[in-house]
Amino acid sequence: EGEFDFQSEWLEKAFSKLSDTCKEILKLMYVEGKTTQEVAVQLNCSAGYVYKQRAKAFEFIKKEGEKR
């Protein structure tokens, strides 16, 4: 529990290259099902920061996927 189950090696590699903060945000939102506000409170940051880091992570993963 609390971990991603990757179906694709490239996705796992891309995820591993993310910052620890981005990884934590994605884990909290998509594995633990927390809302943006709950994540912000847990990480002691703003909801805007959570949105920005999530978007940054998705953009990076998308670019990594386009490379394969």
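**Exercise 1. Find what covers helix α2 in this predicted model.**

*Task.* Name helices that cover the buried residues of α2, and list those buried residues.

*Solution.* 
- Step 1. The cover over the buried residues of α2 includes α1 (9–16), α3 (36–43) and α4 (47–67).
- Step 2. Helix α2 itself spans residues 20–30. Its buried residues are C22, I25, L26, K27, L28 and M29.

**Exercise 2. Describe how α2 packs on α4.**

*Task.* Determine at what angle the axes of α2 and α4 cross and within what distance they come. Then list the residues that make the contact.

*Solution.* 
- Step 1. Two packed helices are described by the angle between their axes and the distance between the axes.
- Step 2. The axes of α2 and α4 cross at roughly 100° and come within 9 Å.
- Step 3. Angles of 65 to 115 degrees count as roughly perpendicular. Therefore α2 is roughly perpendicular to α4.
- Step 4. From α2, the contact uses T21, C22, I25, L26, M29 and Y30. From α4, it uses Y49, V50, Q53, R54, A57, F58 and I61.
- Step 5. Sort the contact of α2 with α4 by class: ten residues are nonpolar, two are polar and one is charged.

**Exercise 3. Trace the nonpolar cores.**

*Task.* List the residues of the largest nonpolar core, and say which elements give two or more residues to it.

*Solution.* 
- Step 1. In soluble globular proteins, nonpolar side chains tend to be buried together.
- Step 2. Here the largest nonpolar core has seven residues: A14, F15, L18, C22, L26, A57 and I61.
- Step 3. Helices α1, α2 and α4 each give two or more residues to this core.
- Step 4. Take I61 as one member. Neighbours within four places in sequence aside, I61 is in contact with W10, L11, A14, L18 and L26.
- Step 5. There is a second, separate core of six residues. Among them are M29, V39, A40 and V50.

**Exercise 4. Describe how α3 packs on α4.**

*Task.* Give the angle and axis distance for α3 and α4, then decide whether T36 is buried or exposed.

*Solution.* 
- Step 1. The angle between α3 and α4 is about 105°, and their axes are 8 Å apart. The two helices are therefore roughly perpendicular to each other.
- Step 2. On the α3 side, T36, Q37, V39 and A40 make the contact.
- Step 3. The residues of the contact of α3 with α4 comprise five nonpolar, two polar and no charged.
- Step 4. T36 is in helix α3. T36 has a relative accessible area of 11%, so T36 is buried.
- Step 5. Leaving aside neighbours within four places in sequence, T36 is in contact with M29, A47, V50 and Y51.

**Exercise 5. Inspect the loop residue N44.**

*Task.* Find where N44 lies and what its phi is.

*Solution.* 
- Step 1. N44 is in the loop between α3 and α4.
- Step 2. Most residues other than glycine have a negative phi.
- Step 3. N44 is not a glycine, yet its phi is positive, about 55°.
- Step 4. N44 is exposed, with a relative accessible area of 72%.

**Exercise 6. Step back to the whole chain.**

*Solution.* 
- Step 1. Along the principal axes, the C-alpha atoms fill a box of roughly 35 × 25 × 15 Å.
- Step 2. Of the 68 residues in the protein chain, 28% are buried.
- Step 3. Take the contacts with a separation of 6 or more: 52% of them join residues 24 or more positions apart.

Key
Residues are numbered from 1 along each chain as its sequence is written. This is a predicted model: local features need pLDDT of at least 70, side-chain atom pairs count only at pLDDT 80 or more; totals for chains, interfaces and linings use all residues. Side-chain values use heavy atoms; hydrogens and water are left out. Buried means under 20% relative accessible area, exposed over 50%, partly exposed in between (1.4 Å probe, protein chains only). Helices (H or I, at least four residues) and strands (E, at least two) are DSSP runs, numbered from the N terminus. Contact means heavy atoms within 4.5 Å. Axes are lines fitted to C-alpha atoms, for helices over the stretch in contact, and angles run from 0 to 180 degrees between N-to-C directions. Angles under 35 degrees count as roughly parallel, over 145 as roughly antiparallel, 65 to 115 as roughly perpendicular and the rest as oblique. Ala, Val, Leu, Ile, Met, Phe, Trp, Tyr, Cys and Pro count as nonpolar, Asp, Glu, Lys and Arg as charged, and the others, Gly among them, as polar. A nonpolar core is a set of buried Ala, Val, Leu, Ile, Met, Phe, Trp, Tyr and Cys residues joined through side-chain atoms within 4.5 Å.
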